[in-house]
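Here's a quick briefing to read alongside the coordinates. Have the viewer open and follow along topic by topic.

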Amino acid sequence: MTRILPQTKWAAVNPLKSSQPLGAALAFLGIDGAIPLFHGSQGCTSFALVLLVRHFKEAVPLQTTAMDEMATILGGMDHLEEALLNLKTRTNPKLIGVCTTALVETRGEDFARDLANIKMMHAKELAGTEVVLANTPDFHGAIEEGWAQAVTALIQRITLRGERVRQSKKIAILSGWNLTVADIEHLRETVESFGLKPVILPDLSGSLDGTVPDDRWVPTTYGGTTVKDIQKLGTAVQCIAIGEHMRPPAEVLQKLTGVPYALFHSLTGLKDTDRFVSLLSSISGAPSPAIIRRRRAQLQDALLDGHFHFGGKKIAIAAEPDQLYQLATFFTGMGADIIAAVTTTATSHILKKVPAEQVHVGDLGDLEGLAAGADLLVTHSHGRQAAERLGIPLMRVGFPIFDRLGSQHKLTILYQGTRDLIFDVANIVQANRHAPTPESLDPFRK
Amino acid sequence: MPPLTAKIQDVFDEPACEKNRGKDAKARQKGCSKPLTPGAAAGGCAFDGAKIVLQPITDVAHLIHAPIACEGNSWDNRGAASSGPTLWRTSFTTDLTELDVVMGQGERKLFKAIREIKETYAPPAIFVYSTCVTALIGDDIEAVCKRASEKFGLPVVPVNTPGFVGSKNLGNKLAGEALLDHVIGTVEPDDVSPYDINILGEFNLSGEFWLVKPLLDRLGIRVRACIPGDARYLDVASAHRARAAMMVCSTALINLARKMEERWDIPFFEGSFYGISDTSEALRQIAGLLVKKGAGPELLERTETLIAEEEAIAWKKLEAYRPRLEGKRVLLNTGGVKSWSVVHALMEIGIEIVGTSVKKSTAEDKERIKRILKDENHMFETMAPRDLYAVLSEDKADIMLSGGRTQFIALKAKTPWLDINQERHHPYAGYAGMVELVRQIDLAIYNPIWRQVREPAPWEYQPAVEEELPGTHSKTETVHAFKKVVAQLPAVSAYVEESR
């Protein structure tokens with residue numbers, strides 16, 4: 001079993017984590033007509049906003065309750081109230097996703113009660129706008145936890161409770177944060193090819209896919225899961241959750257509506273995709289369409305062509321737990337070894353399944369220390385400093401990726417995404433191959 | 001009054017600030033922070049501002065005492081350049097957890113973090129930043145820094161700027177105060193000369209100060225300290241021995257400039273390296289101040305010679321762009337155009353300024369804009385994204401120059417855009433920088449993509465073409481081509497067999 005080693009340093013060096021409210025905001029950005037609202041000081045929002053914009057290269061709606069010194073002392077309810085009303089009058093969103101921050105959580109206010117009071121006092125003004133609260137203090141968790149908090153809160157607040165008449169072709173998919181825009185588009189097409197109707201929550205493919213809206217400026221998200229879709233999640237015949245961090249929202253959905261869930265830790269790799277495709281086949285009663293069979297054959301071929309570049313390669317990965325599992329199983333499945341695995345938290349159950357001897361809870365400073373002698377570094381853009389110092393190529397994954405274009409359009413799941421990943425890695429390996437020299441091959445070299 | 005509150009009051013009442021001088025006593029007391037509107041606010045916090053000012057000091061370890069958000073979401077995100085040390089780009093944070101907050105372990109963790117950094121990286125100094133949460137739980141970073149400094153024998157500088165105290169600009173100024181209280185004047189240099197100057201508020205974005213420094217080198221003027229761009233700790237610590245100073249970004253560090261004049265008799269002027277005439281004026285003023293303070297008077301003449309040469313070269317290069325850029329309409333949308341000489345240079349080669357924001361401009365600035373633009377309708381305080389989008393999509397400007405915040409408004413309106421704020425990738429300072437700016441404007445406007453993205457999709461116009469497309473003609477072609485490929489296949493596999 002994988003050993004999980006706790007953080008041992010006093011100062012984090014080159015953080016791996018982005019904050020929990022940022023993860024929650026990202027989930028809310030997957031809802032149509034939404035604005036996430038950080039309950040904290042303006043800096044909390046500004047930093048997250050800049051980072052999201054640098055990653056997606058899109059205008060990102062994100063607002064702040066702008067807590068100042070006075071509000072920090074006296075309490076932030078007035079600021080929350082004013083922010084909600086201002087957002088409502090200025091942009092009339094369908095959903096406001098409130099994400100708390102460390103500042104207000106340290107004060108320890110009862111936000112749920114505050115919010116209930118505000119909604120009651122302003123029932124008329126706020127009509128037509130759902131307000132959802134995610135408790136996401138920065139001093140706990142990272143993107144994964146924040147994302148899961150927000151999705152759970154969305155279901156708890158919006159989904160209609162009780163058993164309903166099930167639609168035999170409707171599937172609810174709770175997508176993990178590590179799925180890209182391209183992944184979600186591909187997931188939808190795949191599910192639809194079985195004659196099924198997927199509702200994906202959250203759905204970044206609608207809102208952050210880089211399209212240009214038609215001749216108007218939209219101050220909220222445009223595209224994504226609709227509030228109506230979330231209300232009616234209970235009519236799905238099956239829920240599929242992707243990533244261990246999606247288990248809590250899937251369980252809440254099951255508890256509220258009785259919709260059963262199947263959990264996939266990863267949709268990358270031949271075996272996991274086979275399992276997924278089989279499930280779709282059994283739900284729909286339809287055989288796998290020709291296009292899916294063809295893609296499987298292409299993946300088989302990519303495994304054959306690609307494995308030369310993986311066998312015995314030493315890989316160092318730093319990622320949040322579910323993504324770490326997804327990538328580590330992909331690499332070991334291709335014959336590579338994980339010589340360093342660094343993650344953000346010790347609490348996720350998936351960590352014990354990561355195919356590495358040990359997983360360090362830590363930062364990119366730890367990765368740099370452990371990665372000496374590796375053939376490939378795998379982490380987000382901030383790994384660039386370590387890669388440069390160690391002279392090891394960097395494969396950019398996850399968030400943030402701010403120094404490469406198109407990260408949201410990279411496919412990483414199912415047969416086709418696995419094939420693309422194999423090619424990506426093999427190409428990095430080939431681009432960094434060292435030409436043989438007499439010295440490097442000398443059998444007597446020291 | 002708590003020390004931080006007193007400090008903020010002091011910073012707000014800045015006698016050298018033009019805008020502050022223009023206020024009556026009552027308005028002055030209110031300070032210059034505008035109250036933010038919850039749900040409609042933008043911009044960074046005081047901590048952000050402090051870090052922006054101090055972090056470009058390249059050999060210092062910058063330690064952020066906070067939960068992950070303050071540093072985790074923001075590190076290594078600015079384009080200041082270093083000619084040597086890289087430690088400033090390494091991120092250090094105490095990354096407080098729930099347990100740390102609940103158990104009150106913040107100070108202890110901070111102290112041990114300082115020791116760890118000292119032992120692992122041996123920096124000349126460590127700067128410690130407080131933030132909202134650590135201020136709220138009452139961590140006394142000044143005391144911890146003092147103790148650590150004594151114990152570990154290196155300067156540990158507290159930067160007390162929790163985000164909730166105010167805006168980015170306030171943070172800039174408080175950072176200047178931290179330098180005055182703990183750094184500047186703590187080291188005596190052994191190489192003072194009458195040609196030493198300080199440059200204050202220059203960030204060396206995209207390395208642009210390196211376009212200016214050779215001009216000073218040529219004149220025999222030495223930059224004792226550029227604060228903060230590409231600075232070393234010792235440069236800053238001994239900056240009090242410069243003879244004169246130029247203050248580049250006045251809103252950020254005016255308090256620093258004024259107090260250095262008071263304490264160490266270093267006269268300063270406000271200037272800019274953006275635009276041709278401003279660059280020349282800055283060189284002139286630097287030379288003038290140095291001569292007043294004892295440098296040889298022939299410096300003035302050498303300066304004039306250099307200015308004449310460099311201006312001639314720059315104007316000649318700019319003139320080459322006139323045929324392409326004459327009559328092009330520029331919308332300036334930035335906090336406040338400090339350098340009117342950029343506008344002047346653009347207009348000089350025939351570019352029109354169709355609008356400018358005056359949010360951060362002083363009354364005097366506004367007068368100047370009126371004179372230059374001849375039409376005050378072109379001034380606006382701020383423009384809502386929706387309105388800005390409308391202006392741009394109605395084709396009222398050929399390009400917008402602004403910061404990243406409004407980038408996507410321009411791009412989604414399919415309008416050329418150029419970054420002139422801190423995230424930009426091109427150096428614009430000095431004579432060569434002005435030429436580069438105009439070159440970038442030219443490249444942006446004339447990029448062939450604009451015609452392509454503005455073109456409607458084929459199905460949105462020319463219905464005739466749409467009908468023609470599925471015609472039988474092309475179908476035959478495809479089938480024919482496919483046959484050809486099939487016919488070749490056996491030959492290909494035969495070749496493969498053979499080569500084995």
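Two strands count as paired here if DSSP finds at least two bridges between them. With that in hand, take B:Leu63, whose bridge partner in β2(B) is B:Phe92. Keep in mind that this is a predicted model.

**Around strand β1 of chain B**

- β1(B) covers residues 61–64; B:Ala61 and B:Leu63 point one way, B:His62 and B:Ile64 point the other way, and all are buried.
- On β3(B), residues 126–129, β1(B) has a parallel partner joined to it by four bridges.
- Here B:Leu63 sits opposite B:Val128.
- With β2(B), residues 92–93, β1(B) also pairs in the parallel sense, this time over two bridges.

**Where the chains meet**

- What does β2(B) pair with in chain A? Strand β2 of chain A, residues 12–13, joins β2(B) in the antiparallel sense over two bridges.
- In that pairing, A:Ala12 has B:Thr93 as its bridge partner.
- Overall, 53 residues of chain B are in contact with 54 residues of chain A.
- Elements giving two or more residues to chain B's side include α4 (46–54), α5 (68–72), β2, α6 (98–103) and α7 (106–121) of chain B.
- α7(B) makes the largest share of that side, with five residues.
- By class, chain B's side has 26 nonpolar, 16 polar and 11 charged residues.

**The four-strand sheet in chain B**

- An open sheet runs in the order β6-β5-β7-β8 (chain B), with parallel pairing.
- From one strand to the next, the twist averages 20°.
- Inside the sheet, β5(B) (residues 196–202) and β7(B) (residues 244–247) run parallel and are joined by four bridges.
- B:Asn198 has B:Ala245 as its bridge partner in β7(B).
- Helix α14 of chain B (residues 276–292) lies across β5, β7 and β8 of chain B, at about 155° to β7(B).

**Core**

- The largest nonpolar core has 273 residues, and the members touching the most others are A:Ala172, A:Ile317, B:Leu63, B:Val128, B:Val236 and B:Ala245.
- Setting aside neighbours within four places in sequence, A:Ala172 is in contact with A:Val199, A:Leu201, A:Leu233, A:Ala236, A:Cys239, A:Leu253 and A:Val259.

**Helices to look at**

- Does the length of α21(B), residues 430–445, agree or disagree with what its residue count predicts? At 1.5 Å a residue its 16 residues should span 22 Å, and the end C-alpha atoms are 23 Å apart, which agrees.
- Buried residues of α21(B) include B:Gly430, B:Met434, B:Leu437, B:Val438 and B:Ile441.
- Over in chain A, the axes of α8 (181–192) and α17 (414–431) come within 9 Å and cross at roughly 145°.
- The contact is made by A:Asp183, A:His186 and A:Thr190 of α8(A) with A:Leu414, A:Gln416 and A:Gly417 of α17(A).
- By class, that contact has one nonpolar, four polar and one charged residues.

**Chain B overall**

- Chain B has 24 helices and 13 strands.
- Of its 500 residues, 46% are buried.
- Among chain B contacts with a separation of 6 or more, 71% come from residues 24 or more positions apart.

Note on methods:
Residues are numbered from 1 along each chain as its sequence is written. Chains are lettered from A and ligands numbered from 1 in the order in which they are written. This is a predicted model: local features need pLDDT of at least 70, side-chain atom pairs count only at pLDDT 80 or more; totals for chains, interfaces and linings use all residues. Axes are lines fitted to C-alpha atoms, for helices over the stretch in contact, and angles run from 0 to 180 degrees between N-to-C directions. Two residues are in contact if their C-beta atoms, placed from the backbone, lie within 7 Å. Ala, Val, Leu, Ile, Met, Phe, Trp, Tyr, Cys and Pro count as nonpolar, Asp, Glu, Lys and Arg as charged, and the others, Gly among them, as polar. A residue is buried if 20 or more other C-beta atoms lie within 10 Å of its own, exposed if 12 or fewer, and partly exposed in between; C-beta atoms are placed from the backbone. The expected span of a helix is 1.5 Å times one less than its number of residues. A nonpolar core is a set of buried Ala, Val, Leu, Ile, Met, Phe, Trp, Tyr and Cys residues joined through C-beta atoms within 7 Å.
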